[in-house]
Amino acid sequence: MFYYDPTYILVLIGVVICAIASARVNAVFDRYARVRNYQVLTGKEAAERILHASGIYDVTVQHISGKLTDHYDPRNKVLRLSDSTYSSTSVAAIGVAAHECGHAIQHQTDYIPLKVRGALVPVVNFGSTISWPLIIIGLFLNGKSALFLINLGILLFSLAVLFQIVTLPVEFNASRRAVNILQDTRMLGEDEIKGVKKVLKAAALTYVAGAISTMLQFLRLLLITSNRRNKE
């Protein structure tokens, strides 16, 4: 009966929220992916200009396959731009490229939330993998050993919640930096900046949705374990 408990509704709510956020960001991105920037800059060219304007010369810009798979790799100081960004001259592409440059600037300036998120990654990856198996095993056992496994699983999963919470200011800050840089360098016009803001706002909602989904899963976990304790 464990796999058919009513708390699954929380998982379903999280899935729906994430699906709506994903559909929204794709729709907004596709809209502004059809709008070419006035200077006809590609995402790669814009990224390099922004990095150099910020005094960053040791970060390389590379191409990576996929759509919206753009990311900054702080370990290798590589900014990877996807098919939809790297060679594109759209307003959407410039916005995404500028956002990733925002992360590179965060790295250069030792932005604390970025450092905290980076430190959490290996722990969260491990915790997310092992937390549910520990909880499930604990639910099928009795006594102190069961309680220990359940509490350990909850603790490990809570790190995923913390990671999602820390991610929010990191992403919001990177978008704010992106908009400010584009305005300060006059790389885009005012109407183009408005388009960038809409793209980055839609992208930010996916992180909010991810955080809500993780919190709902955590709530479900607490309900399941609380129900187990009440039965005992």
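# A walk through a predicted helical chain

Arg-117 and Glu-171 form a salt bridge, and their closest N and O atoms are 2.9 Å apart. Hello everyone! I wanted to open with that pair. One thing to keep in mind from the start is that this is a predicted model.

Where do Arg-117 and Glu-171 sit in the chain? Arg-117 is in helix α4 and Glu-171 is in helix α5, so to speak two distant parts of the chain linked across 54 residues. And are the two partners buried or exposed? Both Arg-117 and Glu-171 are buried. If charged pairs are new to you, here is the background: side chains of opposite charge can pair when their charged atoms come close.

Let me step back to the whole chain. How many helices and strands are there? The chain has six helices and three strands. If you read from the N terminus, the order is α-α-β-β-β-α-α-α-α. The C-alpha trace spans about 70 × 35 × 25 Å along its principal axes. Of the 232 residues, 46% count as buried.

Now find helix α4 on your screen, residues 112-139. We can check its length together. With 28 residues at 1.5 Å a residue, α4 should span 40 Å, and its end C-alpha atoms are 38 Å apart, which agrees. The helix does have a kink, though: about 40 degrees at Val-121, shortly before the proline Pro-122. Several residues of α4 are buried, including Leu-114, Leu-120, Val-124, Gly-127, Trp-132 and Ile-135. Our opening residue, Arg-117, is on that buried list too.

Next comes helix α5, residues 143-184. The 42 residues of α5 should span 62 Å at 1.5 Å a residue, and the end C-alpha atoms lie 63 Å apart, which agrees. After α5 comes Arg-186, and the phi of Arg-186 is positive, near 55 degrees.

How many aromatic pairs does the structure hold? There is one. The ring centres of Phe-157 and Phe-218 are 6.2 Å apart and the planes are at 5 degrees; planes under 30 degrees apart count as stacked, so this pair is stacked.

How many salt bridges are counted? The count comes to six. Let me show you two more besides our opening pair. Lys-67 forms a salt bridge with Asp-30, with the closest N and O atoms 2.7 Å apart. Lys-67 is in the loop between β1 and β2, while Asp-30 is in helix α1, so the pair ties together parts that are 37 residues apart in sequence. Are these two buried, partly exposed or exposed? Lys-67 has a relative accessible area of 39% and is partly exposed. Asp-30, at 29%, is partly exposed as well.

The other pair is Lys-77 with Asp-58, where the closest N and O atoms are 2.6 Å apart. Here the link runs from the loop between β2 and β3, which holds Lys-77, to the loop between α2 and β1, which holds Asp-58, and the two are 19 residues apart. Lys-77 is partly exposed, with a relative accessible area of 30%. Asp-58 counts as partly exposed at 44%. There is also a network of salt bridges, which links Asp-73, Arg-75 and Arg-80.

While we are around the strands, look at His-63 in strand β1. His-63 has a relative accessible area of 44%, so this residue is partly exposed. His-63 and Ser-82 are 19 residues apart in sequence, yet their C-alpha atoms are 5.9 Å apart in space.

My last stop is the surface. Which residues form a nonpolar patch there? They are Ile-9, Leu-12, Ile-13, Val-16 and Ile-20, with about 450 Å² of accessible area together. Take Val-16 from that group: Val-16 lies in helix α1, residues 8-32. At 41% relative accessibility, Val-16 counts as partly exposed. A handy idea for looking at a helix is that an α-helix has 3.6 residues a turn, so residues three or four places apart point the same way.

Technical notes:
Residues are numbered from 1 along each chain as its sequence is written. This is a predicted model: local features need pLDDT of at least 70, side-chain atom pairs count only at pLDDT 80 or more; totals for chains, interfaces and linings use all residues. Side-chain values use heavy atoms; hydrogens and water are left out. Patches are made of residues with over 30% relative accessible area and no salt bridge: like charges are joined within 9 Å, nonpolar side chains (Val, Leu, Ile, Met, Phe, Trp, Tyr) within 5 Å. Accessible areas come from the Shrake-Rupley method with a 1.4 Å probe; for residues, only the protein chains shown count as cover. A salt bridge is a side-chain nitrogen of Lys or Arg within 4 Å of a carboxyl oxygen of Asp or Glu. Helices (H or I, at least four residues) and strands (E, at least two) are DSSP runs, numbered from the N terminus. Buried means under 20% relative accessible area, exposed over 50%, partly exposed in between (1.4 Å probe, protein chains only). The expected span of a helix is 1.5 Å times one less than its number of residues. The bend at a residue is the angle between axes fitted to the seven residues ending there and the seven starting there. Rings of Phe, Tyr and Trp (its six-membered ring) pair if their centres lie within 6.5 Å; planes under 30 degrees apart count as stacked, over 60 as edge-to-face and the rest as tilted.
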